[in-house]
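Trainee: Could you take me slowly through the salt bridges of this structure, and show me where the paired side chains sit?

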Amino acid sequence: MANEEALFQRFGREIAAGTVLFKEGDPGREMYVLQSGKVTLTKNVRDVEKVLAVLGPGEFFGEMAIISNKPRSATATVSETARLLVIDPRTFEAMIRGNAEIAVRLIKKLSDRLAEAHTQIERLLVADPQSRVVHAMLQAAISRGKKGPEGLLVEMPVRELHVDLGVSEQLLLSLLERMERSGLVSQVGPEALVVRDVDQLQEYLRFLEYKWKFGEG
Ligand code: CMP
């Protein structure tokens, strides 16, 4: 705690909720470590502002621009009044050189993001838009579904999936309705879904893929 306070004295800033720290495309010469509060990272994807992550205490961001000397890859907005350490490139480099734990945390975080990006690429390579949606649900259910009485509960922003998956909103909504009617999934509010039976969903995906390959799409 004393260490945190000392760091705050040296690098800290308290920033009010609603402040935009930087915008996607801006040049960036600082990285940030959150001591308290929240920061939301967003990115513009086909004219829709997509939330990449909501960060909390202990997390860092803004390192990419200073590592790779590129513009900011996302917009950062303080969503809950925050205490932030603002680190310049020289201090950042000194921290990494001097503290292996910081370097390991950074590598872990970057490889998590890379894995997430791979998943995203894999999804977009599924040609048929309907299969893409079902594939995303199946993958989420298998990797992070929580067992419940009705099936696997998956937290995902169901109604915004079309942005990530490059399908129309209309297609997403009509597919969801069809899947609910046939008992494959049920929506639990806007942020979660229950996959009733993974094997059945897998079968449905195979059916869609065959239909796309051999039918009329
Ligand atoms: P930078 O590009 O400097 O500014 C935006 C920051 O958002 C970026 O550094 C990363 O720290 C963070 N960021 C970028 N992409 C993602 C992502 N997909 N998930 C979480 N954080 C991200």
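Mentor: What follows is a close look at the salt bridges and their surroundings. This is a predicted model, in which local features need pLDDT of at least 70 and side-chain atom pairs count only at pLDDT 80 or more, while totals for chains, interfaces and linings use all residues. Residues are numbered from 1 along each chain as its sequence is written, and side-chain values use heavy atoms, with hydrogens and water left out.

Side chains of opposite charge can pair when their charged atoms come close. A search of the whole structure finds 11 salt bridges (a side-chain nitrogen of Lys or Arg within 4 Å of a carboxyl oxygen of Asp or Glu). One of these joins Asp 164 to Lys 50, with the closest N and O atoms 3.2 Å apart. Asp 164 belongs to helix H6 (residues 161-165) and Lys 50 to strand E4 (residues 48-55), so this pair ties together parts that are 114 residues apart in sequence; helices (H or I, at least four residues) and strands (E, at least two) are DSSP runs, numbered from the N terminus. Asp 164 counts as buried at 18% relative accessibility, whereas Lys 50, at 21%, is partly exposed (buried means under 20% relative accessible area, exposed over 50%, partly exposed in between, with a 1.4 Å probe and protein chains only).

Another salt bridge links Arg 181 with Glu 177 at 3.6 Å, N to O. These two residues are four apart in helix H7 (residues 169-181), and therefore about one helical turn separates them. Arg 181 is exposed, with a relative accessibility of 65%.
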